[in-house]
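This briefing covers a helix pair, a surface patch and a salt bridge. The sequence and structure come first, then the points by topic.

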Amino acid sequence: MFDSHEFYKKRLSEHIKETSRYLKYIFNGHIAIAMLFFISALAYYYQQWLIELPDDFPTAIIMGAFLGLLVSYSPVRTLLKEPDLVFLIAAETKMHAYFRNSIIYSFVIQLYLVLLVAAAFGPLYFASFPGRSGQMYLLSIAIVLVFKVGNLIANWWMLKVREPGTRRLDLVVRTVLNMVVFYFIISGNMLMAGITSVIFALLFLYDLSVSRKQAGIVWDLLVEKDQNRMQTFYRIANMFADVPHLKNRVKKRQWLVSLVSNFSVDKKNTFDFLYRITFIRSGDYLGMYVRLIAIGGLAIYFIPNLWMKVLFTILFLYLSCFQMMTIYHHHRTNIWLDIYPVDEKPKQQAVLKLLYQLSILQAVIFSLIFLFMQAYAGFGISLLGGILFAILFIQGYVKRKLV
């Protein structure tokens, strides 16, 4: 007899074993040290900033928006796989325990986000509202957990709806309601918080009625959602170790491709062209590169100390270069490269050349932030220091790893 509870325990054990193997690579060595430095520096300057917090700082708006987004982002991890579309559909009526466990597991693994946000906003909350007790803040976090459960269940109900437009509209309305509820809670207007909570409860019951009208479970949607999340995890893990399960995404980005295609291409720079196109069209590299520039730029702009700004310039140059170097192995399983009528010796030089270009461009962008802030000494130090670091790191570390 099929026992969906036991089946879920087996599937969960396999999932934890697989993800823990890659997490060991992700949080090991260079990245762990860089993250520790980054978090420590942010925590220090966060405390310094709170000392001079203005009285009219919009704490309620910011916390309401973040907490609303936090509870709205409540995906259900079903751990379903593509073969389940064939083998489990027949057992749909016996899958209640499996999906119940999925919802519980999804809530548990998302608790760390709630704890991180609660810890991050705690100092801001007490600095903005010094008259409030710690119990009041704990009550607010407890309400966050209640809304987290509500949104998780509502998301599960809406996964029974096949129309994507209906699901998106429901998510948008719930997100706005969540933001408004927590804005009123943080600002101390409990009457309006109660009224908007009642409106959320009505929407919650409406989602239940909609789900009950559906024919059954949309198996292909559940598998697609879960596989997309696993592919996102694999793409992150692939920056630190080879991931055989990774399916590479390709995006057109024609206008960017046309820019690099204007350069002349002949035999000697075949790999130059290949890796430029790979960087632009792959779903992994360009987005990560832009995000690191954006986060690094914000850190450089808001951190007051000049030397800490320079250190963050070097830190984000290191992170970008360390993660972009995996492009060298991007085509390792592509047999079509073997028929290229070119020597493979320039392959390493092509990747090193691309890394030099990306690192120098990033150093220039960070240096321009110093120039915008009229920190002329920082401009010169970050530009020269960034270029020097890129040369030393690529020649001393990256070159030895590209084998």
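Helices here are DSSP runs of H or I with at least four residues, numbered from the N terminus. The model is predicted. Its salt bridges number seven in total, and one of them joins K9 and E6.

- K9 and E6 both belong to helix 1, which spans residues 4-26.
- Three residues, about one turn of the helix, separate K9 and E6.
- The side chains of K9 and E6 meet at 3.6 Å, N to O.
- Side chains of opposite charge can pair when their charged atoms come close.

**Helix 7 and helix 8**
- Helix 7 covers residues 134-158 and helix 8 covers residues 164-187; their axes come within 11 Å and cross at roughly 170°.
- Angles over 145 degrees count as roughly antiparallel, so helix 7 is roughly antiparallel to helix 8.
- On the helix 7 side, the contact is made by S140, I143, V144, F147, N151, A154, N155 and M158.
- Helix 8 contributes T166, R167, D170, L171, R174, N178, V181, F182 and I185 to the contact.
- Sorted by class, the residues of this contact between helix 7 and helix 8 are nine nonpolar, five polar and three charged.

**Nonpolar surface patch**
- A nonpolar patch on the surface is formed by L298, Y301, F302, F372 and M373.
- Together, the residues of the patch have about 580 Å² of accessible area.
- Helix 13, residues 285-302, supplies the largest share of the patch, with three residues.
- F302 is located in helix 13.

Conventions:
Residues are numbered from 1 along each chain as its sequence is written. This is a predicted model: local features need pLDDT of at least 70, side-chain atom pairs count only at pLDDT 80 or more; totals for chains, interfaces and linings use all residues. Side-chain values use heavy atoms; hydrogens and water are left out. Axes are lines fitted to C-alpha atoms, for helices over the stretch in contact, and angles run from 0 to 180 degrees between N-to-C directions. Helices (H or I, at least four residues) and strands (E, at least two) are DSSP runs, numbered from the N terminus. Angles under 35 degrees count as roughly parallel, over 145 as roughly antiparallel, 65 to 115 as roughly perpendicular and the rest as oblique. Contact means heavy atoms within 4.5 Å. Ala, Val, Leu, Ile, Met, Phe, Trp, Tyr, Cys and Pro count as nonpolar, Asp, Glu, Lys and Arg as charged, and the others, Gly among them, as polar. Patches are made of residues with over 30% relative accessible area and no salt bridge: like charges are joined within 9 Å, nonpolar side chains (Val, Leu, Ile, Met, Phe, Trp, Tyr) within 5 Å. Accessible areas come from the Shrake-Rupley method with a 1.4 Å probe; for residues, only the protein chains shown count as cover. A salt bridge is a side-chain nitrogen of Lys or Arg within 4 Å of a carboxyl oxygen of Asp or Glu.
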